[in-house]
Amino acid sequence: MSKTRVFIYGSCVSRDTFEHFDPEQFELVEYVARQSVLSAYTKPVELMAPPTLESRFQQRMVTGDFSSSLRSLLSTHSSATDLVLVDLTDERLGAYLLPDGSMVTRSVELIESGAEQYLPQGSQHIAFGTQQHFEYWSTAMNYIGERFQHYMPQATVVLLDLAWAEWSENGTQTPDSFGVKAADANSIFRPYVQVAAQALGAHVVSMDPTEVMSGPHHPWGDAPFHYAEKVYLETVRRLTGTEGRVVWGPGALPSSQKSATSTPTRAVVSERSPEERLTSSVPLDLRHSGPNFLIAGTHRGGTAWLGKQLSYHPEIFMASSKASGFFSSSKKYTSEDETSKYLKEFQKGRNHRLRGERSVLYFWQGLANHYSPKREDAAAAVRDHLDPQTPVILSLRDPVSRAVSAYWHNMISGNLDLRGSIFRAPASTGIIDLGFYQRHYEHWANTVGPERVHVLIYDDIIDDPAGYVRQALSILGVADTQEFWKKATLNRRENRSTAADQLRKKNPVSAQELSLLHELYKSDISFIEHIVGRRLDAWTDLKSVVSRNMPS
């Protein structure tokens, strides 16, 4: 019978639990310890070398921490892992943020070797349990969770949620760990466990704190996370449904008969993973913690409606309007403070697989002349600052109807004089210029790649709203569910102004102006028909366009 292959990412809690598995049924393929999620998430440390240690195991673990080895090891063992054991004990001392953006775990080895005193000038300790640590760590854990699910979709992931013991088996109180009492640590760990369980999609094995005691004769010494043997045996029973083996106490096997897997072997990794090869001046937090899809326009094209529908999906988070337009302003994306504010919006969606931002004006590419104002290049900013796989969704409306709708929207907003013509609207409003779809589309396609730019047609919101939403879900790679459709508000319009409707009846855009707009956009309509591979009769038929935009 083949053995269950186990990959451990954690501390002695997971490793000691594994020691109590039946060696005839389980084998250890990898053990990654002393490596915080923060270290695993960021790039390898290059500003200093890892300390030299006497223990080969400790040396291997600390070297792995400096090289952020977890990601490459996940790839190495992707097809050879059945069970993943995870615990969070090695997070307890926090991590150091180095000046180049890399991070190193504040491990016992780093402290006791003296290497902590020689970190590069400007290194910052991110202390476990602080708001800063929790926010950074949650982002990192969500990323690492995605890596586990990507490389090991077939493996069962188990999170060991064992409270620190406040009392030992002999009735004495457990010692503090670096000044932290067990009760305090348990309180701090609770939100971390919740984030990790969600991010990893893990089965959680936990015990009531009253059941947990430390073992004063534990091989590694007395500590609140060095448990009495019966704690490990009960953990094994809850995890596997079978009795664990006694390792230390009465009935233990002689050392010569213990599992040959006591000391794990480490596979030789000849190549860094794609993530480790990634070199960019862009902060990884923005690349991995910001949006991973965009609704980039167009204005008055149904983007508010689309964003609302997507927000009902359990895998999708839509950021609030506070995040809108970030990549249209270099003052924002080059500012640490503004970037921090932007990322804070997406922290609310850290437990969602997809995080989206909606900005109706990203699509607009100006020419910097009297008729087309200069605009910052949002497409280039997205290319340079977000993951290169980030999809960009466009919802395009008949350009004549879009211009008319934008005209009345600006009128109600007080930006226009009611006595003026639609053609006299200031260029800064984009009422006319936004309708030149070919120019805007080609700029985005040339900048980020045409495979990332996806066009939806506004008409489908009216004719087949469910089909329109299914197109968006397909672009994002998520399935629709019965629960999702129960929440969706397909027949509810967003941003519909009754005041604008009344003004349109009293002061309509003339049929002559509509005809001129239609002629102006004729080539752009033909271009979009080619892009989407379908005829857009409601756009090309002048009679239909005029009828649609004249008050009844």
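## A tour of the rings, bridges and strands

A search of the whole structure finds 21 salt bridges; the term covers a side-chain nitrogen of Lys or Arg within 4 Å of a carboxyl oxygen of Asp or Glu. Before you start clicking, note that this is a predicted model, where local features need pLDDT of at least 70, side-chain atom pairs count only at pLDDT 80 or more, and totals for chains, interfaces and linings use all residues. Residues are numbered from 1 along each chain as its sequence is written, and side-chain values use heavy atoms, with hydrogens and water left out.

**Stop 1: the whole thing**

Show the cartoon and zoom out. You are looking at 24 helices and 13 strands. These are DSSP runs, numbered from the N terminus: helices are H or I with at least four residues, strands are E with at least two. The C-alpha atoms fill a box of roughly 95 × 50 × 40 Å along the principal axes.

Of the 552 residues, 53% count as buried. Here buried means under 20% relative accessible area, exposed means over 50%, and partly exposed is in between (1.4 Å probe, protein chains only).

**Stop 2: some salt bridges**

Select Arg238 and Glu211. Their side chains meet in a salt bridge, 3.0 Å from N to O. Follow the chain from one to the other: Arg238 is in helix H8 (residues 229–240), while Glu211 is in the loop between strand E8 (203–206) and H8, so this pair links distant parts of the chain, 27 residues apart. Arg238 is partly exposed at 34% relative accessibility, and Glu211 is partly exposed at 34% too.

Next, pick Lys341 and Glu338, which form a salt bridge of 3.8 Å, N to O. How far apart are they along helix H13? They are three residues apart in H13 (residues 336–347), which means about one helical turn separates them. Lys341 is exposed at 53%, whereas Glu338 is partly exposed at 27%.

Then try Lys348 with Glu345, where the closest N and O atoms are 3.3 Å apart.

**Stop 3: aromatic rings**

Time for the rings. A pair of aromatic rings is described by the distance of the centres and the angle of the planes. Rings of Phe, Tyr and Trp (its six-membered ring) pair if their centres lie within 6.5 Å; planes under 30 degrees apart count as stacked, over 60 as edge-to-face and the rest as tilted. By this rule the count comes to 28 aromatic pairs.

One of them is Phe326 with Tyr333: edge-to-face, 6.5 Å centre to centre, with 65° between the planes. Phe326 is buried, and Tyr333 is buried as well.

Move on to Tyr441 and Phe527, an edge-to-face pair at 5.7 Å centre to centre and 65° between the planes. Tyr441 lies in helix H16 (residues 437–448) and Phe527 in helix H22 (residues 522–532), so the pair ties together parts that are 86 residues apart in sequence. Tyr441 is buried at 8% relative accessible area, and Phe527 is buried at 14%.

**Stop 4: a five-stranded sheet**

Strands of a sheet pair through backbone hydrogen bonds, either parallel or antiparallel. Which order do the five strands of the open sheet follow? The order is E10-E11-E9-E12-E13, with parallel pairing; two strands pair if DSSP finds at least two bridges between them. The edge strands, E10 (316–318) and E13 (453–457), each pair on one side only. Neighbouring strands are turned by 25° against each other on average, direction ignored.

Zoom in on E12 (residues 392–396), which five bridges join to E13. Val392 stands opposite Val453 in E13.

Axes are lines fitted to C-alpha atoms, for helices over the stretch in contact, and angles run from 0 to 180 degrees between N-to-C directions.
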